[in-house]
Amino acid sequence: MTSRREQILATAAGLFAERGFHGVSVGELGAACGMSGPALYKHFPAKDAILAAMLVSISEELLSVGRTRVQEAGAPEPALIALVDWHVSFALSNKALIIVQDRDWASLPVEARERVRQLQREYVGLWAGQLRALDDGLSEVEALARAHAAFGLLNSTPHSAFLPEPEMRAMLTEMALRALGRTGASV
């Protein structure tokens, strides 16, 4: 069962993706959630706190699930494949959040922005660590660049998902593995 807080975050993600953070009033967000705008303040102290909760929580989830996938895989190659699979699933299921993250980043309160940056650095480092474990000749900078390139590809999904989901999933997975330099890997 979805909590009222989760409902507000999901509704806000859709509205913010559609019209931008500044294009949605508290009253409009409240109405979309079936409550008055001021009633939102029972759950969040301000509109920017909704944006902060949305982007911090998804960054925490990306890292947490990523760490779990790496741990469960037990070796670098299956760990990298598991990370790609996780991020493809995330990108296909969370297009609105990707748009909001990209477009409304500057509207995040400073503390939340720093927290998201920290979590993202750790997530990128998780990917880079698996790449370096697979290729000891790969520099840290090159591993980070490859991970960022794969994220750019996968996070373009809100603008490029024209195929049915199974086909899109297969294409994104193949392209991400190639971007990571893993041409022989398969899911």
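**Exercise 1. Place T11 in the fold and find its contacts away from its sequence neighbours.**

Start with the helix: T11 is found in α1, where helices (H or I, at least four residues) are DSSP runs numbered from the N terminus. Keep in mind that this is a predicted model, in which local features need pLDDT of at least 70 and side-chain atom pairs count only at pLDDT 80 or more, while totals for chains, interfaces and linings use all residues. Residues are numbered from 1 along each chain as its sequence is written, and side-chain values use heavy atoms, with hydrogens and water left out.

Next, set aside neighbours within four places in sequence; T11 is then in contact (heavy atoms within 4.5 Å) with L29, A32 and C33.

**Exercise 2. Work out how α3 packs against α4.**

Begin with the axes, which are lines fitted to C-alpha atoms, for helices over the stretch in contact, with angles running from 0 to 180 degrees between N-to-C directions. Those of α3 and α4 come within 8 Å and cross at roughly 150°. That makes the two helices roughly antiparallel, a label for angles over 145 degrees.

Then take the hand: the crossing of α3 and α4 is right-handed, meaning that the near helix is turned clockwise from the far one by less than a right angle. On the α3 side the contact includes I58, L62 and R69, and on the α4 side it includes L83, W86 and F90. By class, eleven nonpolar, two polar and three charged residues take part. Here Ala, Val, Leu, Ile, Met, Phe, Trp, Tyr, Cys and Pro count as nonpolar, Asp, Glu, Lys and Arg as charged, and the others, Gly among them, as polar.

**Exercise 3. Describe the largest pocket.**

First, the term: on a 1 Å grid over the protein atoms alone, a pocket is an open set of points where a 1.4 Å probe fits, with protein on both sides within 12 Å along at least five of seven lines. Its lining residues have an atom within 4 Å of a point.

Now the volume, about 450 Å³, is the space filled by probe spheres set on the points, which are joined across faces, edges and corners. The lining has 20 residues, with L62, H87, Q101, Q120 and N155 nearest the centre. Helix α6 (110–134) gives the most, with six residues. By class, the lining has eleven nonpolar, six polar and three charged residues.

Conventions:
Angles under 35 degrees count as roughly parallel, over 145 as roughly antiparallel, 65 to 115 as roughly perpendicular and the rest as oblique.
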